[in-house]
Each structure stands twice: as structure tokens, then as C-alpha cells.
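Biologist: I am new to this structure. Please walk me through how to read it.

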Amino acid sequence: MAGGGPDHALVRLDRISKHFGEGETRVDALREVSLDVYPGQVVALLGPSGSGKTTLLNIIGCILDASSGAMEVDGETVLRDGQWLRPNLRQLRLDKIGFIFQFHNLIPFLDATDNVALVLRLAGADHAVARARATDLLDYLEVGHRRSAMPSKLSGGEAQRVAIARALANRPRIILADEPTAALDSKRAEIVMDLLRKVALEQEAAIIAVTHDEKIFDRFDRIFSLRDGRLEADTAHAD
């Protein structure tokens, strides 16, 4: 059954492997990776280019299948022996997972509120409900005063906060971030990470971020290191 308390892992990976190609052209991107991430945790995936970080993030996000292994999302086994058990992965992503990217990818002809509300509209919410939720999220992330601004008029930090609001629109329990602060200076990067920690704690969400950004390492509860597709280290970090 899905759901659970603070001791219930929101993401549980059991010996996840992924390879591309066969025979002499085979590339093993992930090799039996196991890890658990719990409500309220902010964790990092580190490693050199080609270590498997983005591949792992895409499997957790139910975008890429695995070659073998099992995965639980919010208490539900969604992948077993490399096979998806859910017929509608799009709905699973809408219900459970939010995505944040290095570049905000906001729609340039929609203002901040409508960029956030669009996710809810796609999920079937009516216009008024979607805009009200978007407004609340922008206020929560301390960018409500920019709710009518177009993306081109937002600073880098403001645009990234709008992108975070968009990721939170459907109240996901799991938030996946791919280099969320790489395009920001140190001060704005710290603000964004502090907001993500706030989201994790107050909404009992799990946040998993791929990053090379050393200036934010102290904002993570745990740091998982990957090399050549293998999980090398799991380090406790922030207080």
C-alpha cells in the first residue's frame, strides 16, 4: 500500500542496473545500485561525467526503464526485474514526482502564475483552482510579488523559484533536480537550496539532486557518490 510515516522510504532502489547495447557495444551505465530516500531528506547524487547520475535520476523519475532490479515509489512497487508494473507512467509522474532542471525552462509567453498553473490544468484542475494554487506556491517560495512577470523579466534566482513552484504544483512527494543551482551565483544557489530544504521538511517530501556544485554540499542530508555506474559512498552531511 502506498503512503506511510517518516520511517517509510519514498524512494527505494534494490539492485538497479541499466545497460545500453549488447555484445561488444554494451555499456553498463548502472550496476546494482541500492538506496533508500526518506521523507524530509535532501540528498545529492555526485560523480564524474558518465558515472550514471542522470541515468539513475531518469529511472527514479519513471522516464527510463531499468535492465534489472526493483524500485518502490511512495510504498508502491512500480518496477520489478526491470519491468514496469504501472500501465500509466505519465499519471504516476503527475501524482508523485516533480522535476527541476538546471535551466528553468519556463514557457516564455506565459507569466509566472500561468507557468505554474499550467501543470495543474494538464492534470485536470479548473482555471480558478489552478491559478489559486499557483499563487499560493509563489507566495510560499517568496516570489509572489513577481506573479505577473514574464520569464524574460525574472532574475535567474526568481525564475528558478518559479520553476520550483511548478514542480510542486501537484503536491509531489518526490522532487528530482538536475543541476538546480548550476546557473546561479553562490547567494542565489544558497537561497534555492534553503527553499528546497524547507519544502522537504514542511511537506515531508524527498528531494534528490544531481549536482557538481560544491558551494551547496552543506545543504544536503546525505551525499551518494557514483563511479562507473556503482554506488561508492553514502555520506551523512548536513545537521
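Modeller: Start with exposure. A residue is buried under 20% relative accessible area, exposed over 50%, and partly exposed in between, using a 1.4 Å probe and protein chains only. Arg 171, at 54% relative accessibility, therefore counts as exposed. This is a predicted model: local features need pLDDT of at least 70, side-chain atom pairs count only at pLDDT 80 or more, and totals for chains, interfaces and linings use all residues. Residues are numbered from 1 along each chain as its sequence is written, and side-chain values use heavy atoms, leaving out hydrogens and water.

Biologist: Where is Arg 171 found?

Modeller: Helices (H or I, at least four residues) and strands (E, at least two) are DSSP runs, numbered from the N terminus. Arg 171 sits in the loop between α5 and β8. Its phi is positive, about 55°, although Arg 171 is not a glycine.

Biologist: Asp 74 also has a phi to look at. What is its value?

Modeller: Phi of Asp 74 is near 50°, positive in a residue other than glycine. Asp 74 lies in the loop between β4 (68-73) and β5 (76-80).

Biologist: Is Asp 74 buried or exposed?

Modeller: Asp 74 counts as buried, at 3% relative accessibility.

Biologist: How do I read a pair of packed helices?

Modeller: Two packed helices are described by the angle between their axes and the distance between the axes. Axes are lines fitted to C-alpha atoms, for helices over the stretch in contact, and angles run from 0 to 180 degrees between N-to-C directions. Take helix α4 (residues 127-140) and helix α5 (residues 156-168). They pack at an angle of about 130°, with their axes 9 Å apart. That makes α4 oblique to α5. Angles under 35 degrees count as roughly parallel, over 145 as roughly antiparallel, 65 to 115 as roughly perpendicular, and the rest as oblique.

Biologist: Which hand does the crossing of α4 and α5 have?

Modeller: A crossing is left-handed if the near helix is turned anticlockwise from the far one by less than a right angle, and right-handed if clockwise. The crossing of α4 and α5 is right-handed.

Biologist: Which residues of α4 and α5 meet?

Modeller: Contact means heavy atoms within 4.5 Å. From α4 come Arg 133, Leu 137 and Leu 138; from α5 come Val 162, Ala 165 and Leu 168. By class, the residues of this contact are five nonpolar, no polar and one charged. Ala, Val, Leu, Ile, Met, Phe, Trp, Tyr, Cys and Pro count as nonpolar; Asp, Glu, Lys and Arg as charged; the others, Gly among them, as polar.

Biologist: At what angle do α3 and α5 pack?

Modeller: The angle is about 25°, with the axes of α3 and α5 8 Å apart. That makes α3 roughly parallel to α5. The crossing of α3 and α5 is right-handed. Ala 112, Asn 115, Val 116 and Val 119 in α3 meet Val 162, Ala 165 and Arg 166 in α5. This contact of α3 with α5 has five nonpolar, one polar and one charged residues.

Biologist: How do α3 and α4 cross?

Modeller: Their axes come within 8 Å and cross at roughly 125°. That makes α3 oblique to α4. The crossing of α3 and α4 is right-handed.

Biologist: What is a nonpolar core?

Modeller: It is a set of buried Ala, Val, Leu, Ile, Met, Phe, Trp, Tyr and Cys residues joined through side-chain atoms within 4.5 Å. The largest one here has 45 residues. Val 116, Leu 141, Val 162 and Phe 220 touch the most other members. Elements that each supply at least two residues of this core include α3 (112-122), α4, α5 and α6 (186-202). A second, separate core of 30 residues includes Leu 10, Ile 60, Ala 66 and Leu 79.

Biologist: Now some single residues. What does Thr 55 touch?

Modeller: Thr 55 lies in helix α1 (residues 53-60). Thr 55 is buried, with a relative accessible area of 15%. Not counting residues up to four places away in sequence, Thr 55 touches Lys 18, Phe 20, Ala 29, Leu 30 and Leu 64.

Biologist: Where does Glu 32 lie?

Modeller: Glu 32 lies in strand β2 (residues 27-37). Glu 32 is exposed, with a relative accessible area of 55%. Leaving aside neighbours within four places in sequence, Glu 32 is in contact with Arg 15, Ile 16 and Ser 17.
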